[in-house]
Amino acid sequence: MKMRSLIFLLTGMTLLGISSLQAQTQQRGEVQDQEFVIRKDRVLTVPTQPRSFERLPVLPQSQGMQDFVYNMTPYFLTIPALQVQPTAVQKNYRKPDLDLYPGFVRAGYGNFASPLLEARYMATSADPINFAVGFKHQSFGKGPVKIREEESPESHSTLGGDISYFLESAEVFGSMKWAQDKYSFYGVDPNFVSEEPIEIIQGNVQNHFQIAAGIRDIQKVGPLGYEAQVSFRNFKDSYLARENETGISGLVKFNPAADWSGSLGLEYFSTNPEDSTYQVTRNYFAIRPRVNYTYGDFRFSAGLNVVSENDSIPDKSSDFRIFPVLKASYQFAEEFGFYGEFSGDVQRNTYFSFVQENPFLGPSDQLLNTVNNYKIAAGIEGQFQGVFHYRAGIDVSRYNQLHLFANTESDTARFELVYDNRSTMANLNAELGFKFSDTYTLGTRLDLYQYDLSVQQEAWHRPIWTFSVNNQIKPVEKLLIQANLNFMGGIKARGDASIRAISPPEIELVYETINLKTIADLQLKADFKITDRISVFAEGNNLTNGKNMRWLNYPVRGVQLIGGASLKF
């Protein structure tokens, strides 16, 4: 009953609302007749529709890149080819403002009546000719030993020049040098007794003149490099020693790839020495091919030394020799690496080279080259952060005709050449360096030698050990100081001879062995720049005032001091 009353109430309210809406519509506009039917028992139902599942269509597969064919239609037009005119980029580069002084003069004076004069001049432009000339003279009016009112004077003078003419890809060069050295044979043994009077030689003037000319490439980094040179040298002294030498040398370098390179060297020298005991013609010819290969941190080198020389030696099998040259190195890291070598060669010796080593050389019976049958070397090397660097190694070499210097029996002031037929030399060496910017630089080297000889008793006048320390200090910008210390020890000289019977009637000569004192030489040099052009210098040698004797009976001068000034212009 309540439900029916509620339905009648809702129906009456609806009719009342419709009547009110029709009244408002009649007031606003046209009224239309409508009929509403309300059914409370009607139910609306919607049938269930089944879902349809369909697969997605397969997409077409990509066919990838295909060949494209273009049809080209030729058109023959009378159009001239484009003319390209390359020109350099025009930029106004500022020329660096460098203070270049082509000239340099230095003059000084020291004790032992020692004047010094040095001058150099070099062209600052190399287009297309560049040249340089130089002169130096230093002499000592007094020496360590007094000989007939003269105190063993000594002097050295050099004069020379270089010139180059630059072509588009080559340099034509030439050089000339003249040198004169004067020595006094003051090394007379006071205990030496001779049946004949000894001629006291006041001085020996040695003159040396050399001229050379050649051509070389400029590029240096191309696939092919070359250099060729011809030379002539003349040497003579105040007595009977003379020597002329003509030489031709050449070198060709190949760089076919970044890791491969090679070279071919040629040398030919003809020397004509003469003295009181000989006058010969000596020829020396060498071919030196090389191949180098780099693989990562490995470096390999292989080649040959093919040498022909005509020195006359008893029981010599041939003038022609071939030696292998094998070298290898590997750098594990910047701090450590190793190297090794197996090689052989013929060391070319001349009278001039012997005199450069020992200026008190007198007449000798024969001049011979030194044959290095083999050399076996190995060692380690490395550096730390570019500040410290080191190197240590050992090498063993076998020689024929190893040359030595000994005092002559008739004149103790002169030396003669003696040779050992078959020698073995072992060398242990080590280097250590340090560089602290430009303020301080240190370099040291130690060498130890051991000789096994077949004929000579000792390695006459060859040191057993050497040690050097070189310091360079620049405390301020204008001051440069150098301090060097050199040691040399174990030198043995040949003394008087005595006869010893081996087995009658065979006898042999036995020489007295004289041990020379260790040589210690302290050097100090200082250079102070007053201006960019003017500076003053001071030098001191043998500051320990040691009685150093490199050659028997030849003590050197004591403390040597020299000072002066230099000028740039």
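**A walk through the predicted model**

The largest nonpolar core has 21 residues, and Tyr351, Phe354, Phe360, Leu361, Phe405, Leu417 and Tyr554 touch the most other members. Two elements give two or more residues to this core: helix H2 (351-357) and strand S17 (415-420). H2 gives the most, with four residues. A nonpolar core here is a set of buried Ala, Val, Leu, Ile, Met, Phe, Trp, Tyr and Cys residues joined through side-chain atoms within 4.5 Å. Buried means under 20% relative accessible area, exposed over 50%, and partly exposed in between (1.4 Å probe, protein chains only). Helices (H or I, at least four residues) and strands (E, at least two) are DSSP runs, numbered from the N terminus.

This is a predicted model: local features need pLDDT of at least 70, side-chain atom pairs count only at pLDDT 80 or more, and totals for chains, interfaces and linings use all residues. Residues are numbered from 1 along each chain as its sequence is written, and side-chain values use heavy atoms, with hydrogens and water left out.

Take phenylalanine 360. Leaving aside neighbours within four places in sequence, phenylalanine 360 is in contact (heavy atoms within 4.5 Å) with Tyr183, Ser184, Phe185, Ala413, Arg414, Phe415, Trp551 and Tyr554. A second, separate core has ten residues, including Leu402, Leu404, Val418 and Leu453. In soluble globular proteins, nonpolar side chains tend to be buried together.

Aromatic rings come next. The whole structure holds 25 aromatic pairs. Rings of Phe, Tyr and Trp (its six-membered ring) pair if their centres lie within 6.5 Å; planes under 30 degrees apart count as stacked, over 60 as edge-to-face and the rest as tilted. Phenylalanine 405 and tryptophan 551 are edge-to-face, because their ring centres lie 5.6 Å apart with planes at 80°. This pair links distant parts of the chain: phenylalanine 405 is in strand S16 (residues 402-407) and tryptophan 551 in strand S26 (residues 549-551), 146 residues apart. Phenylalanine 405 is buried at 3% relative accessibility. Tryptophan 551 is buried too, at 7%. The pair of phenylalanine 434 and tyrosine 440 is tilted, because the centres are 6.1 Å apart and the planes at 50°. Tyrosine 440 is partly exposed, with a relative accessible area of 25%. One aromatic cluster is formed by Tyr183, Phe185, Tyr186, Phe360, Phe405, Phe415, Trp551 and Tyr554.

Now the strands. The protein chain has two helices and 28 strands. Strands pair if DSSP finds at least two bridges between them. Strand S14 (residues 370-384) and strand S15 (residues 388-400) pair in the antiparallel sense over 13 bridges. Tyrosine 374 has arginine 398 in S15 as its bridge partner. Three residues lie between the strands of this hairpin, where glutamine 385 takes a positive phi near 55°. S15 also runs antiparallel to strand S18 (residues 423-436), joined by twelve bridges. Valine 396 stands opposite alanine 426 in S18.

Further along, serine 498 lies in strand S22 (residues 492-503). Serine 498 is partly exposed at 39% relative accessible area. Serine 498 touches Glu508, Leu509 and Val510, not counting residues up to four places away in sequence. Its C-alpha is 5.6 Å from that of leucine 509, eleven residues away in sequence.

The whole structure has 21 salt bridges, each a side-chain nitrogen of Lys or Arg within 4 Å of a carboxyl oxygen of Asp or Glu. Glutamate 431 and arginine 445 form one, with the closest N and O atoms 2.3 Å apart. Glutamate 431 lies in strand S18 and arginine 445 in strand S19 (residues 440-452), so the pair ties together parts 14 residues apart in sequence. Glutamate 431 is partly exposed at 29% relative accessibility. Arginine 445 is partly exposed, with a relative accessible area of 29%. Arginine 445 also meets aspartate 447 in a salt bridge (2.7 Å, N to O). Aspartate 447 is buried, at 4%. Elsewhere, salt bridges that share partners join Arg106, Glu118, Arg120 and Glu539 into one network. Within it, arginine 120 and glutamate 118 have their closest N and O atoms 2.9 Å apart. Arginine 120 is partly exposed at 43%, whereas glutamate 118 is buried at 11%.

Last, the whole chain. Buried residues make up 30% of its 569 residues. Among contacts between residues at least 6 apart in sequence, 56% join residues at least 24 apart.
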